[in-house]
Amino acid sequence: MDLVGVYRNLPLPPGQVVGIIVGVTLDRMFPARLPGPRAVHRVVGALLLVSGGALNVWALSERRRRTTGTFELEQPQSLVTTGPYARSRHPMYVGWWFIHLGVGLLRGSAWVAATVPTAVLVEHRGIVDEERMLEREFGDEFARYRERVPRYVAGWRRSAAAAAGTALAARPTS
């Protein structure tokens, strides 16, 4: 088994990995508990952790299924638009956000409120760069995909036409 090849194909976004490490470290050094029942934090944290892991496995499986020959995560042979990629252009990042949030909730740590948003913002720039690369690589195919699938989570984006229609409808008439 080629361990270097396996490691290269693990989706380990630095923002989330560093965020989890920083969050756990801060929690150990300066404990800050989340308000509310600890049992609820544990249940929700475990659900997020499992959901994030499952989303990452599903996304990796879908990418692998759509690859012929050697699988290299950072060098896609085709634009994958099925499975979780039909709902999010970056389901593995979203999966890691769930994992990060889940770890913080499992620990009952209020530090998760600072580390998750910070890690997401740090990664956003890299995600935008990644999309530029995909547009260069896949051209119009990626442009059409970008128009119909949200960057992160389905439902967080409305079409420009819908937004314009809402703005016109909200405008007072004379």
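A quick term before we click: contact here means heavy atoms within 4.5 Å. Also keep in mind that this is a predicted model.

Start by selecting Phe142. Setting aside neighbours within four places in sequence, Phe142 has contacts with Leu79, Arg89, Glu131, Leu134 and Glu135.

Now widen the selection to the largest nonpolar core, which has 12 residues. Phe142 belongs to this core, and so do Leu79 and Leu134, along with Ala59, Phe71, Leu73, Val80, Tyr85, Met92, Phe138, Tyr145 and Val149. Colour helix 5 (residues 112-148) as well: with four residues, helix 5 gives the most to this core. Apart from this core there is another one, of six residues, including Tyr93, Val94, Trp97 and Ile127.

Next, go back to Arg89, one of the contacts of Phe142. Arg89 sits in the loop between helix 3 (38-65) and helix 4 (91-107). Is Arg89 buried or exposed? Its relative accessibility is 8%, so Arg89 counts as buried, the cut-off being under 20%. Show the polar contacts of its side chain: the side chain of Arg89 pairs with the side chain of Glu131 at 2.8 Å, and the Arg89 side chain also reaches the backbone oxygen of Val149 at 2.6 Å.

Then follow the chain into helix 4. Of its 17 residues, 13 are buried, so helix 4 is largely enclosed by the rest of the structure.

How values were computed: Residues are numbered from 1 along each chain as its sequence is written. This is a predicted model: local features need pLDDT of at least 70, side-chain atom pairs count only at pLDDT 80 or more; totals for chains, interfaces and linings use all residues. Side-chain values use heavy atoms; hydrogens and water are left out. A nonpolar core is a set of buried Ala, Val, Leu, Ile, Met, Phe, Trp, Tyr and Cys residues joined through side-chain atoms within 4.5 Å. Buried means under 20% relative accessible area, exposed over 50%, partly exposed in between (1.4 Å probe, protein chains only). Helices (H or I, at least four residues) and strands (E, at least two) are DSSP runs, numbered from the N terminus. A polar contact is a pair of N or O atoms within 3.5 Å; within protein, one must be able to donate a hydrogen and the other to accept it, and residues adjacent in sequence count only if both atoms are side-chain atoms.
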